[in-house]
Amino acid sequence: MSTQKHLYLVDGSGYIFRAYHKLPPMTDPAGTPVNAVFGFTAMLWKLLEDLNDAEHPTHLAVIFDAAKRTFRNDIYAEYKANRPEPPEDLKPQFALIRDAVRAFSVPCIEQEGYEADDLIASYTKAACEAGYHVTIVSSDKDLMQLLHLPCVDLLDTLNNRHLGPEAVMEKFGVPPEKVIEVQALMGDSVDNVPGVPGIGPKTAAELINTYGDLETLLSRAHEIKQPKRRENLIAHAELARVSKVLVTLNDSLPLPMGLDELEMRRPPHDPLNAFFDKHGFRSLKAKLASREPGVDGAPAPVTAKVDTKNYECVTTEDRLDWWIRAARDARLVAVDTETTSLDAMKAELVGVSLSIEPGKACYIPVGHIAAGGGLLDQAPVQLPRQAVLARLKPLLEDPSVLKVGQNLKYDLLVLRRVGLDITPFDDTMLLSYVLDNGRNGHGMDALADVHLGHTTIKYTDVCGTGKSQIGFAEVGLEKATSYAAEDADVTWCLHSHLKPRLVREGLTTVYETLERPLVRVLVEMEHAGVLVDRQTLSRLSGDFAQRMAALEADIHQLAGGPFNVGSPKQLGEILFDRMGLKGGKKGKTGAYSTDADVLESLAGEGVELAQKVLDWRQLAKLKSTYTDALQSQINPETGRVHTSYAMAATSTGRLSSTDPNLQNIPVRTEEGRKLRHAFVAPEGASLISADYSQIELRLLAHIANIPQLTQAFAEGIDIHSMTASEVFGVPVEGMDPMIRRQAKAINFGIIYGISAFGLARQLGVSRAEAQSFIDRYFERFPGIRAYMDDTIQFCRQHGYVETLFGRRTYIPTINDKNPNQRNFAERQAINAPIQGTAADIIRRAMIRMQPALSAAGLDQVRMLLQVHDELIFETPQSLADDACAVIRQVMSTAAEPVVNLAVPLVVEAGQGATWGAAH
């Protein structure tokens, strides 16, 4: 073994911004933002483990920038002048990140007036002179100039590779010792290093390779043949020299700590444990607790469980039987499928992976083919699909073995189509959604990063990207096993982290009654699909196209000439340059914004062109998203459209649908209603549409305890007329529809925390008048203001809000210093308990629906769609009336017995040959 000392210098600043942008907002128990702190800590831990396992460094330090202003600003005042201030929620995390480094017992070094790169250069030079080898943990191009020293390399942890002189040639086109010459010429827009105008990286490398160095080039600039290049080099010679000084790292700083003080130490248990405790890093705390003591009595770092891989590709019946027996013995097995498509109703099964303990998993290929569509006899050796499914079926349906999946709804649909079920099961995506809704993402990659400190193999790593991407069925078995077995392994490990938290955090009931049972309900709905009439869609497409053409002609006439109506840039130039309208604002691209808010504002001021474009855009969206797209989304096997419901995509618990998205079909427009007529019942059947009436206003009346609203709902009084009467002091009888419309806008706006500005724009009144409406509303219904204030205060103290059924939504930015972020968070806090409770109620109704229909002898009635507060069913016409009665009963009592609402839940149900006729 080599006795040479090996120093690792970690570019701490680079780690900070990687961590900050990698993770969603998170807060600790005190409400302090900590997403960058958590990410940085997990990254540093993983680095230490990886180095301990493979590299065996003897010395290590983390280097930070001390401040924005350095000696370079004295040389060139504009240096880094265009760098934006760090985000407000990142600023308080800088000090905490340094605390984290010290908790690891790792030297944390910075120096006023100098950048981290200068300190790294100085330590590198000193260590090389002392006979060390130096590895700089960074991919920063500015540090590549240090690779001219033979004792130095860079470690790019993002791509897990060491960088040497060849990487410099690849990046700059010159060897390391010439990097600063090239940088001086090309400048750096990020750091505001001026360079020479008109000279980019390739030209700079060409010039330095020709003339050797900057001074030689500048002295011979008159020889350059290209006139513009020659003029710029002569005119900006001094800027080039200044730029060279700016990009040259200072490697002669006095070292704040001696090299011997950077010697590696074991991370001590107690400071780390205290740090994790203080900031609520539960996964890191659990990981720390699992480590074995080192020889010095302190815990020694170990690799994350999922990184110790024992993966097997199963291609014989004996090994398959062994894994099935092992899974039965373990009583818990993680399951994942690999397929040919993200559309579960079209996907063909390619393989199944199983994991029975951390780091131990297998992949069972059943559908791999020869790469590039080669001959069948060139396909890899694998077991026959039907033989594998026959052997797996008893295990997957064994009630004594718990199966665990990540987004298991997809796998259930795929397996349902080949005759298999999975029961009983847990879903790690839904466990995360219940536990950490609003704190982090719930996809496998994000969860592995947050809870396991592990970076997963990506689909593109094994299948490629772009035109050269292949399907998973064409991936070689070795690569496929690494990818697929890891998915099952990660899922097993995530389950061990997440499931125990349900009891500790009091969220078992939410998971067991609102999430897990809904999976099967959605599987049946997605499998059933809904029938669409291709002829109706085609006719609507033609109608929309004709109306768009007519609108386009009107728009061109109003604009004074033809232009591309679909081009926001051209539209902005016509509105604000040619027509001279006020209110035009340019974005980063230099083009005017012409989004819906801008156009609606102009239309409200009587600009006919803006209204025509809004109408054109609506038709264009309906045509492209629905009438054209739906025709291609009809499943050739079933003749139906099968939407997919995302269960963990919204912060409030609402479901969202994709491929196609049926949530965004406009309800209140003529075009939207026409589109609903394309969704049809088969011959002899009807569609039933059952919709909660004003459920969120009813829940507001209950949650905020508003006597006037509660009484009005109990007596069946029109709530918007009653509100108008209370706020504007007018009688309900003979009320002006305009006044009722204003009251309706306030009623629904209050739920979403509408501002006076927003209400003014919606109603077409002054901001002062809108504010007076809001003030009068709160005077008449003081309980609503009390509810809002109490909810915001609760959220500030606890970091989350709850629905009536206990579902939590964490809102990390509720105490943000940025007023825009904080105001948005407050509106979210006000709305989430109301909209979330409505989402919980409809989930409860969906879960109860099929058992209730079956109990009434209505097994032939199928639930097809859920759209906001509406459920769509398909039923034989002879059963439609009976079905409507059961559906109303289930939906209107869905909150009971957990919550006894002070207001009735009213369900409006209709039936017809189409969705439009039933609604």
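Is Arg 807 buried or exposed? In this predicted model, Arg 807 has a relative accessibility of 2%, so the residue counts as buried; the cut-off for that class is under 20%.

**Salt bridges around Glu 515**

Side chains of opposite charge can pair when their charged atoms come close. The structure holds 45 salt bridges. One of them joins Arg 807 to Glu 515, with 2.8 Å between the closest N and O atoms. This pair links distant parts of the chain: Arg 807 lies in the loop between β19 (800–802) and β20 (808–810), while Glu 515 belongs to helix α21 (residues 508–528), and 292 residues separate them.

Glu 515 also forms a salt bridge with Arg 843, where the closest N and O atoms are 2.8 Å apart. Here too the partners come from distant parts of the chain, Arg 843 from helix α34 and Glu 515 from helix α21, 328 residues apart. Glu 515 has a relative accessible area of 0% and is therefore buried. Arg 843, at 1%, is buried as well.

**A salt bridge within one helix**

Glu 573 pairs with Lys 569 in a salt bridge whose closest N and O atoms are 2.9 Å apart. Both residues sit in helix α23 (residues 568–578); because they are four residues apart, about one helical turn separates them. Glu 573 is partly exposed, with a relative accessible area of 32%. Lys 569 also counts as partly exposed, at 49% relative accessibility. Elsewhere, salt bridges that share partners join Asp 543, Arg 547, Glu 670, Glu 671 and Lys 674 into one network.

| Salt bridge | Closest N and O atoms |
|---|---|
| Arg 807 – Glu 515 | 2.8 Å |
| Arg 843 – Glu 515 | 2.8 Å |
| Glu 573 – Lys 569 | 2.9 Å |

**Helix α35**

Helix α35 covers residues 880–892. Which residues of α35 are buried? They are Ala 880, Ala 883, Cys 884, Val 886, Ile 887, Val 890 and Met 891. The elements covering these buried residues include the strands β18 (685–692), β22 (870–876) and β23 (907–912), together with helix α34 (819–855).

Definitions and conventions: Residues numbered from 1 in each chain as written. Predicted model: local features only at pLDDT ≥ 70, side-chain atom pairs only at ≥ 80, totals over all residues. Heavy atoms only, no water. Helix = DSSP H or I, 4+ residues; strand = E, 2+ residues; numbered from the N terminus. Expected span 1.5 Å × (residues − 1). Buried < 20%, exposed > 50% of the residue type's maximum accessible area, 1.4 Å probe, protein only. Contact = heavy atoms within 4.5 Å. Salt bridge = Lys/Arg side-chain N within 4 Å of Asp/Glu carboxyl O.
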